[in-house]
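Colleague: Could you take me through this model before I set anything up?

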Amino acid sequence: MRTYELIFIVDPRVSDEDVVTLIQEYKQMISAGGSEISTEENWGRRKLAYPIEKLTEGKYVFLGITSQNGKTSLPEVEHRMRQNDKILRYLTVRTDEDLKRAARRKPSGRGPAGTGGAGTGVMDEPVDDDLDTGDEV
Amino acid sequence: MTMTRPRKVFFRRRKVCKFCADKIDYIDYKDVKLLQQFIPERSKILPRRISGTCATHQRPLQQAIKRARHLALIPFTTD
């Protein structure tokens, strides 16, 4: 089984309804290719870290995809996205291998698992980047 | 050279890999808050020598940062 993540950024000038139809279209393509959509998240309007095509905002859409037999229509979906001017960016990532590797590493680690976790690093100490003050002889 | 200056003692904190310490095995490119700790002012990827991240985790970290950059979640550069 393979899992993928597909994220794309839609032009913010596109209305929310059109975004939904766009998602629908891609989802149809994906399921027609023999994979399932496991998660769908619409992150909505987000500020871009840098302007893309002179736009400072974008609408993010996240799709989690699972494929049982390893066949997907993702290349076609990517192709379509490339040709669509409303899509500013897209990224497909295959995640099953990395997640498996991470799961393998977990039991071997000492101590109780599940301290910290993703996204809780705010309270941690900042990294110490001033190493040493020059000490003259 | 008879003057003996009291030697300043430096306490250098032992650097530990954040991912090993916090048991983060999968570094998600969507976790901007986490990645931000490894991109200082100029938005460059913080080297291992400074952050103390181990090689096993620096590699996926680098990959995650690059993915996040592509999706404009974090900047390539700031000026």
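Colleague: In what order do the elements of chain A run?

Modeller: This is a predicted model. The secondary structure of chain A comes to three helices and four strands. From the N terminus on, their order is β-α-β-β-α-β-α.

Colleague: How far apart are the end C-alpha atoms of helix 1 of chain A, and what span should its 17 residues give?

Modeller: The expected span takes 1.5 Å times one less than the number of residues. For the 17 residues of helix 1 of chain A that gives 24 Å, which agrees with the distance between the end C-alpha atoms, 24 Å.

Colleague: Which residue just after helix 1 of chain A takes a positive phi?

Modeller: The place to look is just past the end of helix 1 of chain A. There a phi of about 95 degrees is found at A:G34.

Colleague: Which element gives the most to the largest nonpolar core?

Modeller: The largest nonpolar core has 31 residues, and those touching the most other members include A:I7, A:F8, A:I9 and B:L35. Elements of both chains each supply at least two residues, among them helix 1 (16-32) of chain A and helix 4 (55-70) of chain B. The most, five residues, comes from strand 1 of chain A.

Colleague: Which residues is B:A68 in contact with, leaving aside its neighbours within four places in sequence?

Modeller: B:A68 is one of the residues that touch the most other members of the largest nonpolar core. With neighbours within four places in sequence left aside, its contacts are B:Y29, B:V32, B:L35, B:L73 and B:I74.

Conventions:
Residues are numbered from 1 along each chain as its sequence is written. Chains are lettered from A and ligands numbered from 1 in the order in which they are written. This is a predicted model: local features need pLDDT of at least 70, side-chain atom pairs count only at pLDDT 80 or more; totals for chains, interfaces and linings use all residues. A nonpolar core is a set of buried Ala, Val, Leu, Ile, Met, Phe, Trp, Tyr and Cys residues joined through C-beta atoms within 7 Å. A residue is buried if 20 or more other C-beta atoms lie within 10 Å of its own, exposed if 12 or fewer, and partly exposed in between; C-beta atoms are placed from the backbone. Two residues are in contact if their C-beta atoms, placed from the backbone, lie within 7 Å.
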